[in-house]
Amino acid sequence: MGMTVSQVLIVALSFIFLWYSFGIFSKARKRELSIYVMLGIQPKDLRKLLFGENMVIGIGAIISGITIGLVFMKAILIIVQNILSLTTGLDFYFPTVGIVLTIGVYIILFLFVSFFLTLKIETANLTQLGKSEEMPDKTPRANPVLVLLAFISLGIGYGSLVYFVKSLYNNNILVLLSCVMFTVIATFLFFHQVSVYYYLWRKKRADYWQGKQLLLTATSIYRGKENANLFALITCTAAVALVGVSVTASLGSTEANTRNNLPAALVINHSFDPTQISEAEHPILQLGQEIFEQLAKAGYEPTYEKIQPIPFEYTLKEENVSNYTGVISISDYNRLAKQLGMETLVTKENELLLPAFDLEEATYFKKFGQSYPISIVDLEGDFTLTEVPIPFRLSVYNQILIAPDSLVGLIKGKMQTEDMPYSEIYQFIHYQNWDDGSALNKQILTRLTQKVVDFETAMEEYHSIDNEETSIEKWDDIINTKYLEFDSLYHNLIQKRQANGFILMIGLLIGGVFFLFASSILYFRLFGDLDKEGRLHRSLYQIGLTPKMRHQIVTRQLLTMYFLPMIVATCHSAVAFWGIVQLAEVNLWHYFFIIIAVYFLLQFLLFWISRWRYLTHLDLRAENPQAF
């Protein structure tokens, strides 16, 4: 489904790009087309000429694009292998279906765009094309009401997102749709009205008549109005691309993939009967100690903790419902919390704490956490159960309570041996750089996985035993020596990266397509008016304007053209990403800033190359009238 959506988006962006590019090419050839008309070319022949040119360009682009894609296929497969954290390489294959689909879709796109654009040119008054550049443009105007409406729409759009994030039940899709709609309206009004209003305001200032300020402001008014739709379109698509790439990049991060896990690198859980095997002799405990020693020798500086929850039963007095769970002492929890960098807790006498099971429940407890009167089986007194907004659990399916040391001692003292036939122990091993993908990390994961496989194999053998006495002995032996469950942050990270890998590839693909789309549109738009701008700079050259001053004017115009849409898009995407971070309750901002930095770096490189080539052509036209 995700790949299908990405394909549709790429085709949609390609259509917009082709439509705009062919339109720019046709506009740049207005004088040439008018000469053809004056020489007597028939509209039918002119249409065939333009249609044939566009199709030749399109077929050439399809063939060259597929060829380049095949050449770099192996490099792409290596990138996919790293994104998905695959241990084995991906074999090269010839994507016949993909090639056929690409050729078919893009031939249809080129046919559609070429047909309608040539039809549009044919029905236009071609005899006026040669004189159109000599006709003065109307002075753009800005409506103060629309300027105010732009900021109001932006406030409503951003406010809708804040309301959605902060609301208790944030599942109203209409609120999000209103956020998108008002932000898009504000963006178009900003470039159509606010930017023009700003330059008209600059025109009224005293420094308007000083040097290059006159030329810069006067030309910017017309450029801003003329490029308003282009800038708004690039801004909206850039905002979507920046948010999409930032989110998909963070999906493969350690923070996102461990947000609901206990922040311990390794948790090993097992049970045993203390009447049959001592704790010191238990093979799973010895396994945990061996792993700890391996990590210490490798220089990881690990920490090791062992916690044994006590099973007990309590009843909520208001509901008269019995609950069975485990309880640990506050000292055990705080000792573990300090080593894992978690928040420590304090309990009152006869108070039990119920930590949140995950981040979503922690958010709920923070807003609506309560205390409940409870009764504990076999214990007299009044006890309370308090919800605390701190996520903590020993396993993915086992919620735990925290109680004062004295109360845990009373609960344990009241328990009979038959009430607690098996002791459950959790070993916590934590160390930095658990996600470095080292050979030792992989070896530990393989060893624990094999232990789980051995347990499952033993259970299959147990179910095949017919003798009841032998079956009981076998059961005790399996539980005492082989039963093991583990939770590894590294294992979870690999699994989630592989699960989210395709989403990440989709995001990167759309982000790359957007950048090519935006950069190509800006580049073609810039050079589409080269002759017109060349005549302007020829006039400036004749009245004595120095090349340095002309270059400064062009540079400021290009800075606005290349970076103003990106700055507005960054503001939109930052607000959207803030909402995502608030909902996820994980700090992922560094991924956003990295993506923004990469985009601005690429945009700067494009700006520098475009400026260099554009100034070269402008100087040629300004200083040499034969260049036209």
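**Helices, rings and cores**

Colleague: How far apart are Trp589 and Phe592 in helix H20, in helical turns?
Modeller: Trp589 and Phe592 are three residues apart in helix H20. An α-helix has 3.6 residues a turn, so residues three or four places apart point the same way. The separation of Trp589 and Phe592 is therefore about one helical turn.

Colleague: Which pLDDT limits apply here, and from which number are residues counted?
Modeller: This is a predicted model: local features need pLDDT of at least 70, side-chain atom pairs count only at pLDDT 80 or more, and totals for chains, interfaces and linings use all residues. Side-chain values use heavy atoms, without hydrogens and water, and along each chain, as its sequence is written, residue numbering starts from 1.

Colleague: Is Phe592 buried or exposed?
Modeller: Buried means under 20% relative accessible area, exposed over 50%, and partly exposed in between (1.4 Å probe, protein chains only). Trp589, at 22%, counts as partly exposed. Phe592 has a relative accessible area of 2%, so Phe592 is buried.

Colleague: How do the rings of Trp589 and Phe592 meet?
Modeller: Rings of Phe, Tyr and Trp (its six-membered ring) pair if their centres lie within 6.5 Å; planes under 30 degrees apart are stacked, over 60 edge-to-face, the rest tilted. By this rule there are 15 aromatic pairs. The rings of Trp589 and Phe592 have centres 5.6 Å apart and planes at 85 degrees, so the pair is edge-to-face.

Colleague: Which residues touch the most other members of the largest nonpolar core?
Modeller: A nonpolar core is a set of buried Ala, Val, Leu, Ile, Met, Phe, Trp, Tyr and Cys residues joined through side-chain atoms within 4.5 Å. The largest has 43 residues. Helices H9, H17, H19 and H20 are the elements that give two or more residues to this core. Its members touching the most others are Phe514, Leu558, Tyr562, Tyr599 and Tyr614.

Colleague: What is the distance between the end C-alpha atoms of helix H6?
Modeller: Helices (H or I, at least four residues) and strands (E, at least two) are DSSP runs, numbered from the N terminus. The expected span of a helix is 1.5 Å times one less than its number of residues. H6 has 23 residues and should span 33 Å, which agrees with the end-to-end distance of 33 Å.

Colleague: Against which helices do the buried residues of H6 pack?
Modeller: Val147, Ala150, Ser153 and Gly157 are among the buried residues of H6. Contact means heavy atoms within 4.5 Å. The buried residues of H6 pack against helices H7 and H19.

Colleague: Which residues does Asn441 touch, not counting residues up to four places away in sequence?
Modeller: Asn441 lies in helix H15. With a relative accessible area of 3%, Asn441 is buried. Not counting residues up to four places away in sequence, Asn441 touches Tyr300, Tyr431, Asn433, Trp434, Asp435 and Asp436.

Colleague: What is phi of Glu301?
Modeller: Glu301 is in the loop between helix H11 and strand S2. At 69% relative accessibility, Glu301 counts as exposed. Its phi is positive in a residue other than glycine, near 55 degrees.
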